Each structure stands twice: as structure tokens, then as C-alpha cells.
Amino acid sequence: MICSNCGKETADTSEKCPYCGNDLNGTQAAEATRADAKRFCAECGAPLREHLMYCTKCGLKIKRETGNANVQNGQTAAVQETVVQSVPTPNPQARTPQKTDGTKIGMREKGILAAVVCVIVIGIAVVAFWKVHSARQAQAVQETEDFGFFADLDDSELEPQPTEALPHEQPQEAQPVSTAPFRTDVAENLAERVENETPKQPEIIQLDSRYIRSIEATSELTDSTKSYQAGDALDGNRETCWCEGADGTGAGQRLVIEFTQPVHLTEVAFLNGYLKNETVYNNNGKIKSAELETEEGRFEVAFTDWQYQEIANDLYSDRFPFEEPVETQFLSVMILDAQEGAKYEDTCLTELAMWGYVEEAKQAENTAVDDATLYNNLRVQVADAYGSDCEYALYDMDHDGTVELIVSWGTCDADWTNTVYTVTGNGQLVEVGAFYGAVSLYAAENGDGIYSVYGHSGYQQVEWVTKKGDALSVETILSGEIEKDYENDSPILMVGIDEEIAKD
């Protein structure tokens, strides 16, 4: 039978419903079973009312069929008559929630809606997880490549890379982008570092008067007209020369050059003989062989017997490079053998030159060579030749940044000479020219050159002396009897040759 309370089927002999405890008895139970069977939904088991077309619990349409009253298989007619069926609506979209005593949505629709929502949520979660997983995999691959890419860098050169925040995490502050260089930059930097660490080849320069403290000779020839001094071998002038003053051809006589600092000699060159002209060259002797002495040892050199025309236009007749640079602070040139000239047996040397380099640190310490040191050798020569009566001055005549040396000497007005020297761009000491008379010097009023002022017994002559390249120009601008000697506010100081040079 069917329980009238819960609608569950029970045994016909049961007095109480095993499901809800409802009282069941005899015929009343059977009738109740028949009546109750008509009032319960076959789909969900909810109680039904006769006048309703839809189940109030599941919302499905109810179709009623009249069953056969005949007894089949021993079942009662009441059971067979009442068959309650729930017929689903053909179009599911047309199914709408039905209002009952309380506004509720059917259980099936709720279940379907909940399932759809769950599917959507799960789909979103799967997509988000896949994105995060893919991003982390890509980052891991990139980090692996980066560590291999920068394997030769220090740890300090690698910046920590920013990580992507998970969806449930707060985004972190962006990290600075790594500034570590690419491998090509590292290679370039490494190459540049190696290049910088490679010792640079020293610059070979001519060791001119800036690097020479003194030059001396064991003997010098002096005749009725002039003295052939050791310094003449370094003045760059073919009109002068050093000539030894010993008897014979001069074997054993020497020149000794002292440098201002240790130098590395790479080459020594000579203009052998007296190259003033062809006659003078042929009449005087020249070196056949010599010994070069330095702090590192001695070197014997042989000279070529040149004809005048073969070397008349050459700076040097004989050059002797060292196999390896020789570090020394002096150079001695001693005549071993000499060839006497057609008229004289005295041996002459017109010019001597040296090349090498100075260590960079030491060169920097001696870069600023003052003008007194620059012209020191010449000053010594003049003092030796003319004594303390001579004077000189330092003045930049053409304002080109190179100070000229003006040496003034003589015995009287008739032979008084003023000679101007300068230093070329490569440091060579050269004579520019001369003007004459025992004069006073003033800076020219227009700033170019100097005024040479001579006065005697009411007579005065003013000459304008200018330096034009490597030559002097002398122009007389005033000459005659005057009442007052010329002077201006810019005199050029002349000092004794044996006194300290005063700079203008």
C-alpha cells in the first residue's frame, strides 16, 4: 500500500509506515493507498492536488491516464486505475518557474544553473592557471638562457628579474631593468681593457737641447778668427763645427754630452767633416772611426768617406742605430781614427744628433724646461769665449710662444754684435740673425719686434728689429742728432752672461 503521509510504498500488512511512522490499518489503509496514489507525483513523489496541472515541487506538467479496472497479476483494481505521470514539456526553454505559495525555482533548474555556474568558474580558473603556468615556464627558460648568456659576468653585474604576481597576490613594485651589457659589449670591453693594459710603444723623439744639460770636449781649436767649440756640433748651423785642438789628427779626443735625465738612446747621427763649403770640407780632416760610450757599454762605429757633392744637401752623412735601446745619462764620442784634409790635419765635426725616448713618468716631470735651461749650453759657450763683459736677454720677439735668446758681445762699438737664437718646433737650437752696435733694447711700440737704440755724443740711431720666420729684418726708423735719447716704458732687461738669466 501507499503511505498517506509520505507517499512511500509499504507492505499491505504493515500497520505503521516504516519511513515516516504513519498509522496504517486494514481497508482504510487500502483506500488511502488508492486515494493517495492519485495525489503524488510519479516524478518526484510530491503530493498533488486534483485541480493542478503542474507538480508544485518539480514544476512538470502532469498527465493523467485512466487505468484498466481489471485485476492483473493479482493486483487490486485501485492500484491499476491510478497512474500518475509527469510529462516533460517538449521545449525546455519554454519551461519557466511556477509560482507556488512561496516563490521558488524548481530543483532541476537550480541544479542545472548551479552546474553551469560551476563549469564557468572552473573554466576561468583553468585558463588563469594555464596563463600563470606558461608565464612561469617562459620566465624559467629565459632565466636559464640569461645565466648561460652572462656566464662570464660577475654576480654583481646581474640584476634580479621582476616576477609576475599571481592572480590572488598584490602586484609587487616593478624592479629596475637590468643594465648588464650583452655579450658583444662584454667582448668589446674586454678587448679594450686588454688593449689598455698592453704597454704602448714609446715615441721616438730627437733628443735636442731640451734634454741636454751640457756638452764638453777634451780639446777645441782656436785660430786667429774664431774658436771651434764643442757646442757648435749641436747648433744646427753648417757654418760652424767642432774641431779638436790636439796635435795630429785628433785620435783619442772626445765629445761628452750629459743629458738632463736618463734617456733611452736608439740612434746617433753625424754630419762628418766641415760642411761650410766644398773647399773647406776638402781642406779639413774628418772621422774615419769612433767609439760611442754609454752607461751600458761601448760601441765602435765606422764612417763612410763621402765626397762633398754626395752629402752637400743631407742633414747627416752617417747614422748609427742601436740594436736595442741603450739607457744612459751621457754619451761620449771618442775619435779612434781620422782622415786628414788636403790642407789641415785637424778633424772636424759639423753636427751631431741623437734620437731616443724618455720614460713617460720621467718625461712628464721634465716637460716644463725653462728658457734658461734651454739656452744654457749656448750661454756657457759665449761666457767661455767672451767673458763676463757679454750680456744677453730673453724675449719673445714675434709673440709665437717661443722665447728668443739675444746674445750681445764685443770689444768696442765697431765690432759689437747682437745675435738672435730661437728653438724650432722639433727642439733644434738655431741662429736667426744679427744686428750690430752696443745698444739698448726696448719692446717695439706696436708690439712687433724690438727697438735697438744706439747713442753717442748727441747722435742716436733707432732700428726696428723684427723676426720674420727664420730670419731677422732690420729697419732704421730714426738717425741723427737729438737733444734727448729715445726710450719708452718697456725696456728689455739685459743681464751679464755669467749671471742668472732673467725672464721677460
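Which side chains meet in a salt bridge at 3.7 Å, N to O, with Lys-286 as one partner? Lys-286 pairs with Asp-305, where a salt bridge is a side-chain nitrogen of Lys or Arg within 4 Å of a carboxyl oxygen of Asp or Glu. The model is a predicted one, so local features need pLDDT of at least 70 and side-chain atom pairs count only at pLDDT 80 or more, while totals for chains, interfaces and linings use all residues. Residues are numbered from 1 along each chain as its sequence is written, and side-chain values use heavy atoms, with hydrogens and water left out.

On confidence, the protein chain averages a pLDDT of 75, with 66% of the residues scoring at least 70; pLDDT is the predictor's confidence in each residue, from 0 to 100. The lowest mean, 36, falls in helix α2 (residues 77-81), and the highest, 97, in strand β9 (residues 286-294). Helices (H or I, at least four residues) and strands (E, at least two) are DSSP runs, numbered from the N terminus.

Back to the charges: the salt-bridge count comes to eight. Lys-286 sits in strand β9 and Asp-305 in the loop between β10 (297-302) and α6 (308-311), 19 residues apart. Lys-286 counts as buried because its relative accessibility is 9%, whereas Asp-305, at 46%, is partly exposed; buried means under 20% relative accessible area, exposed over 50%, and partly exposed in between (1.4 Å probe, protein chains only).

Another pair is Glu-267 with Arg-319, at 2.8 Å, N to O. These two are 52 residues apart, in strand β8 (residues 254-272) and strand β11 (residues 318-339) respectively. Glu-267 is buried at 18%, while Arg-319 is partly exposed at 42%.

Then there is Thr-350, in strand β12 (residues 348-357). With a relative accessible area of 0%, Thr-350 is buried. The Thr-350 side chain reaches the backbone nitrogen of Leu-275 at 3.0 Å. Leaving out residues up to four places away in sequence, Thr-350 touches several others, including Asp-232, Asn-237, Cys-241 and Tyr-274; contact means heavy atoms within 4.5 Å.

How values were computed: Polar contact = N/O pair within 3.5 Å; in protein donor to acceptor, adjacent residues only side chain to side chain.
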